[in-house]
Amino acid sequence: MKTTLIFQIYFLPFFCYTGESLMCVECDSTKDPTCLENPGPPVNCPKDAMACITTKMYVPNLQDDSDANTNDQAGQLVSLTRNCTKEVIEESCQVDTSMKRAFIKCAEYCTGTGCNSSPSTRQIRISLSILLLLLLL
């Protein structure tokens, strides 16, 4: 009985829709370097937000893999942004030429509260959930 109650208290919020708006982490590594590894807590998104987005910008290879050997910056992460988004398109990486030089822009979408936080934070939450589940069994 105690195990069932603890299970319900801990896991029920994951399965219930409370009517609250989506919460995503919002930051930009070009303005705040802590965005990369320790981005802070999620904030409420606008009501019309559909997902959280993480956008990464990389330095592209010059021509092909052989040129990457002569370009020390090829593949280097230039920036990372985390935000709420109103639209969800197919996750992909594309060449972005909107700035003075070309970059590779990759976008990832997710729909859970705080799902665009740093990987280390997500891993800790998942590990704690698994540990609690094992303790309850």
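Is C45 buried or exposed? C45 is buried, with a relative accessible area of 5%. Keep that residue in mind while we walk through this predicted model.

Five strands build an open sheet, and their order is 2-5-4-7-6. The pairing is antiparallel. Strand 2 (27-28) and strand 6 (92-96) are the edge strands, so called because each pairs on one side only. Strand 2 finds its partner in strand 5 (residues 77-85). Two bridges join this antiparallel pair. One of the residues involved is C27, whose bridge partner in strand 5 is R82.

Now turn to the cysteines. A disulfide is a covalent bond between the sulfur atoms of two cysteines. This model has five disulfides. Count the bonded cysteines along the chain, and the pattern reads 1-5, 2-3, 4-6, 7-8, 9-10.

Take C24 and C52. Their sulfur atoms lie 1.9 Å apart, and the two form a disulfide. C24 sits in strand 1 (residues 23-24) and C52 in strand 4, so the bond ties together parts that are 28 residues apart in sequence. The torsion about the S-S bond is about -85°, so this disulfide is left-handed. Both ends are hidden from the surface: C24 is buried at 0% relative accessibility, and C52 is buried at 0% too.

Besides its bridge to R82, C27 forms a disulfide with C35, with 2.1 Å between the sulfur atoms. The torsion here is 65°, and the link is right-handed. C27 is buried, with a relative accessible area of 12%. C35 is buried at 0%.

Back to C45. What does C45 bond to? The partner is C84, and the sulfur atoms are 1.9 Å apart. C45 lies in the loop between strand 3 and strand 4, while C84 lies in strand 5, so the pair ties together parts 39 residues apart in sequence. A torsion of about -75° makes this disulfide left-handed. C84 counts as buried because its relative accessible area is 16%, and the cut-off for buried is under 20%.

One more contact remains. The count of salt bridges comes to one. D48 and K86 form it, and their closest N and O atoms are 3.3 Å apart. The pair links distant parts of the chain, 38 residues apart. D48 is in the loop between strand 3 (43-44) and strand 4 (51-58), and K86 is in the loop between strand 5 and strand 6. How open are these two residues? D48 is partly exposed at 42% relative accessible area, whereas K86 is exposed at 55%.

Key. Residues are numbered from 1 along each chain as its sequence is written. This is a predicted model: local features need pLDDT of at least 70, side-chain atom pairs count only at pLDDT 80 or more; totals for chains, interfaces and linings use all residues. Side-chain values use heavy atoms; hydrogens and water are left out. Helices (H or I, at least four residues) and strands (E, at least two) are DSSP runs, numbered from the N terminus. A salt bridge is a side-chain nitrogen of Lys or Arg within 4 Å of a carboxyl oxygen of Asp or Glu. Buried means under 20% relative accessible area, exposed over 50%, partly exposed in between (1.4 Å probe, protein chains only). A disulfide is a pair of cysteine sulfur atoms within 2.5 Å.
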